[in-house]
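Keep the structure open as you read.

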Amino acid sequence: MKQVFIIGVMTLFALCFAGCADSKTQNSNEAGTENTMIAELEEAMLPLEEITIPDKTIIAFGEATHGNREFTLLKQTLFALAVEQQGIRAFALEADFGGCAKVNAYINGGDGTAQEAATQIGFQLYSTQEMAEVLQWMRNYNETSAEDDKIRFYGFDIQKYDNKKDGLFSYLNQVDPSLAQEYELLLEPLNDAHSYDQEPTLIQQGLDHMTNLVNTMDEKRETYLENSSLQEYEFACLYATCIIKNAELQLTDPAKYSEVRDQNMADMVSWILNYEEQNFGTDAIFIAGHTAHMDKTSQYSSSGAPVLGEYLFQQYGDEYFVIGSECYESNFLAWDYTDYEAEERSEFHIVANDETRLISVFNQTEWDEAYLAFDGVAKDSQLGVLLSTPQGITLIGDSFSKEAEEAAQETDQTLHMVPSEAFDAIILLKNVMPPTDIPR
């Protein structure tokens, strides 16, 4: 009996030691895999100043959140490289077309300050000191550049009325003052104050008036061209078209709103590209907006409908080059969607909790910021496999909540995407901070 007991104890010890050994081996393998991946990442990354902008028709930058200072300033960093390396002179933003036309006037010597220009872009998220810095840099660049070498600023979103009406009626007052006076009154219900909550009947009436106005402008085209340039006429027509598109968008089924908006933005990007080629002889542009819109595969889309990036990828193929972005720890500003009476954005804080994400691997390196081009990573390497694996990517828009912030401390609140399918490259940052809002 004693012998059986001794044998049993020895067997138990053997199993325990075997289990410990297996556990140690597993832990050792995991540590080895992790160390290899970190080493591969460090070897593949580049400092931001060493980024090479490829020769593509559209260079797109997607920001992980709308409320960080670093992502705003990265627009300038990347665009400056595109200007220097590829001769790109057109900057287009996910912002109101009419407001950005006023910004374009400012950076090309117009009146006002950079702060005033930033507030014209159309959304509070751009009304920051950091955005003003970007605009001031553009103005400074243009002040020392030849006329055919100047930077031009566009917006490719349509969700506003007022600045587009300003541009349209400024033109009509030049070529057809009586028509301008008539339609300024008829189009009063289409305004930014009620852009999202106007009565559908009033929107439809405004839409009908705009359709009649566009028909009149088309009929009087030759007369108008006697008192204006073709470029001015085309811009006025686009102001009118964008007003129509926004009215149609506001009448769209809410379930289809994002789909229709992204299609309109894709059309606007193509218009800007064609306009640049026809008027300035350039064949490439730089665009910037939220990562969710720039994604080539629409992985963000809950309905499965294409987003801006997929539309552009379908149309331009590999000529559409996307640089995504990601951050490990973010302090950002956003509207609290639980507080409808808020007059300013709130500050939130999140950290990437999922250790299987690319950004979590990056957080274990000595780098604070880096650029990673995916074509330089072997697909069969451990890093290559990670880039081809669905994982959390930070995608925070212009609204958030304290509840979402608290949940983010416990769970992965990001949306899952395959980095190598969504982007061609990515900028990784360890910590990002909120911008400084310009007082309203």
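A nonpolar core is a set of buried Ala, Val, Leu, Ile, Met, Phe, Trp, Tyr and Cys residues joined through side-chain atoms within 4.5 Å. Buried means under 20% relative accessible area, exposed over 50%, and partly exposed in between, with a 1.4 Å probe and protein chains only. This is a predicted model: local features need pLDDT of at least 70, side-chain atom pairs count only at pLDDT 80 or more, and totals for chains, interfaces and linings use all residues. Residues are numbered from 1 along each chain as its sequence is written, and side-chain values use heavy atoms, leaving out hydrogens and water.

The largest nonpolar core has 79 residues. Within it, Phe 156, Leu 168, Leu 172 and Ile 287 touch the most other members. Helix 10 (residues 230–250) supplies the largest share of this core, 11 residues. Helices (H or I, at least four residues) and strands (E, at least two) are DSSP runs, numbered from the N terminus. Another core lies apart, with 48 residues, including Ile 53 and Val 103.

Take Leu 168. Its contacts (heavy atoms within 4.5 Å) include Met 210, Leu 213, Tyr 239 and Ile 243, leaving aside residues up to four places away in sequence.

Now helix 13 (residues 308–316). Among its buried residues are Leu 308, Tyr 311 and Tyr 316. Their cover includes strand 1 (58–63), helix 11 (257–280) and strand 5 (320–336). Gly 317 follows helix 13, with a positive phi near 60°.

Last, the cysteines. The structure holds zero disulfides, a disulfide being a pair of cysteine sulfur atoms within 2.5 Å. Cys 100 is buried, at 0% relative accessibility. Cys 327 is buried too, at 2%.
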